[in-house]
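Could you show me around this structure, stop by stop? I have it open in a viewer and would like to know what to select next and what is there.

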Amino acid sequence: MNIETKKERVYEAADYQDGAVYSTQVCIIGSGCGGATLAKRLTDFGVNVIVLEQGSYIPATKMDQRDLNMMGKLYGERGMGTASDQSTQVLHGNNVGGASVHYWADSYRTPQDKLDSWQQDYGMQGHDMSDLAPAFDDIEKSLNIHQAPDHLFNNLNNKFRSACKSLSWHGHRVPQARKHCASSGHCMQGCLYDAKQSQMVTHIPTAIKQGARVFANAKAGKLVSQGGTVKQVRVDIMDSVRNRASGKTMTISADVVVVASGGFSSSYYLMQQGMKKQLPALGKYFSMNPSAMVHSLFDEDIIQWRNIPAAWGIDEYRQRRYQQGQYSEGGYLLMPSQLQPAMLAGVLPGIGKQHQDWMKNAPKIGGTISWLDDIESELGEIRIKNNGAREVYYPYGELTQKVLKDSLVKQVALNFEMGAKKVMVAGAQGIELNSIDEMKKLDDLMMTSAGLYLAAPHPGGGCRMGQDPKTSVVGFDHRVHGWNNLFVADSSVFPSSSSLDPSLTIMAFSYIAADRIMEALNGGY
Ligand SMILES: Cc1cc2nc3c(=O)[nH]c(=O)nc-3n(C[C@H](O)[C@H](O)[C@H](O)COP(=O)(O)OP(=O)(O)OC[C@H]3O[C@@H](n4cnc5c(N)ncnc54)[C@H](O)[C@@H]3O)c2cc1C
């Protein structure tokens, strides 16, 4: 198959010839919100682009709405990866479109207070609201982002919204990237109806129409460089069934190379290139919005696995509050949960009778989740182990534990306000409360590994943006310090956690990265 002449579709393993060499202006490693948006934007400007994606191309025709099947097809590490504490589930994409294919599609602009903090505390330049707003406007249009309308509220969302109002907490309709939503509830298994506006159905097809070549099953390996300039990317062609290297390879020659492999992977990829010595901050300042959950049992059917996950969000406690310099409460966003039956069974605590008693009532189970805004002084680190494997280290420091605990106290209160008859904290102890008067039981909660079951769907940092090569990895132009034509465009450049769901921030940052890359292409480097 001649890749130079084939048009308008994603290339897959069977299309490649062993040993082939392809040339392009910009080679982008990763096809998620960061990489796909960058490809779309660069092709808006007429640039020749190749996107490498290690995972497969899984369009709607290859989806089956079965949670375990789709977890294997769409999630990095088949959804089984954990941080080094072994009880934080590390969730990321491994397919064309990256995590956006299984995300919830909540689409927030970066909060102004976060942009202010990035500017004041980290000296961020070129990424303030006036720089980002045109990108937000454009992306919101392309992804049909709009506030969740009433008909997309499921029973759990309605109860969540009512309880938010009766507790007088501040809440909001969650902005959604959807078009003609079929309310199937299978957002985390990939949308069979192409209604969720993932990168696979938005920026990727636009980029392809504009001339980009998107290579699935193509894992970037060694960067071949000369004097601070990357010349080539060596690529392993992946066996799409077994998701491992097939033994066949190809090479991409490019004027510019952009790493957009996601928050769990970009810093690791650069470490694999032996760059840690040159860039000591690589992997550091890693955030992941650790997410604590509670499950709750109602008298009536909730069917949490239908309609959209989060139509209403509670931002009352998004920012941490302090009294006399001591932390008092807050530091997280609250949302209704959405788990399909098999995933629910997998994360529901307890074994034997306790687990069975809950699962017998699966349709009546609801619950909530909190995204914690990572504490700047207690951030994690992406590391490379002696055997070359990646480690996601997260310390769960003292203040982080306090914030997690407070988020659980608020979630328990919220679920009882929603009308739950019983609430269970997601963690190995399976602590159950029968009324809000039993809140003291949370004093027994082990705030250590396994005490809580946590999810980490929003990785950031590891290639922090800044001026000083000792404390950052890329400059404000997204270029890796000390390199002429190597850039990073994804959440790994964030100086700290983005506070809210990050996809729209990642995409807007890619618009800025595209401008800087255009300058490099036009002006030389
Ligand atoms: C269950 C879930 C729900 C979520 N819901 C929301 C939400 O509602 N709103 C929101 O804003 N965010 C949400 N997120 C987070 C959001 O999806 C991610 O932050 C975002 O999609 C990340 O985009 P990215 O481009 O940085 O990385 P990714 O999407 O992870 O893309 C990186 C891609 O690079 C590929 N790659 C890695 N290494 C290589 C290599 N060496 N060669 C080739 N390819 C490589 C990976 O396979 C991957 O496809 C959710 C995440 C999860 C897991």
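Predicted model: local features only at pLDDT ≥ 70, side-chain atom pairs only at ≥ 80, totals over all residues.

Residues are numbered from 1 along each chain as its sequence is written, and side-chain values use heavy atoms, with hydrogens and water left out.

**Stop 1: two crossing helices.** Select residues 129-142 (helix α4) and 503-523 (helix α11), whose axes come within 9 Å and cross at roughly 115°. Helices here are DSSP runs of H or I with at least four residues, strands are runs of E with at least two, and both are numbered from the N terminus. The axes are lines fitted to C-alpha atoms over the stretch in contact, with angles from 0 to 180 degrees between N-to-C directions. Now show the side chains: the contact (heavy atoms within 4.5 Å) includes Leu132, Phe136 and Ile139 of α4 and Met507, Phe509 and Tyr511 of α11.

Stop 2: Next, pick Trp118 in helix α3 and Phe494 in the loop between β22 and α11, which are 376 residues apart. Their ring centres lie 5.3 Å apart with the planes at 35°, so the pair is tilted. Rings of Phe, Tyr and Trp (its six-membered ring) pair if their centres lie within 6.5 Å; planes under 30 degrees apart are stacked, over 60 edge-to-face, and the rest tilted. The whole structure has 13 aromatic pairs.

Stop 3: Move on to the second largest pocket, with a volume of about 360 Å³. Gly79, Met80, Gln89, Gly346 and Val347 are the closest to its centre among 15 lining residues. Helix α8 gives the most to this lining, with four residues.

On a 1 Å grid over the protein atoms alone, a pocket is an open set of points with protein on both sides within 12 Å along at least five of seven lines, a cavity is a set where a 1.4 Å probe fits but cannot get out, and lining residues have an atom within 4 Å of a point.

Stop 4: For the largest, of about 90 Å³, select Arg178, Cys181, Ser184, Cys187 and Cys191, which lie nearest its centre. Cys191 also lines the second largest cavity, alongside residues including Met63, Val101 and Asp194. That second cavity has a volume of about 50 Å³.

Terms used: Points joined across faces, edges and corners; volume = space filled by probe spheres on them.
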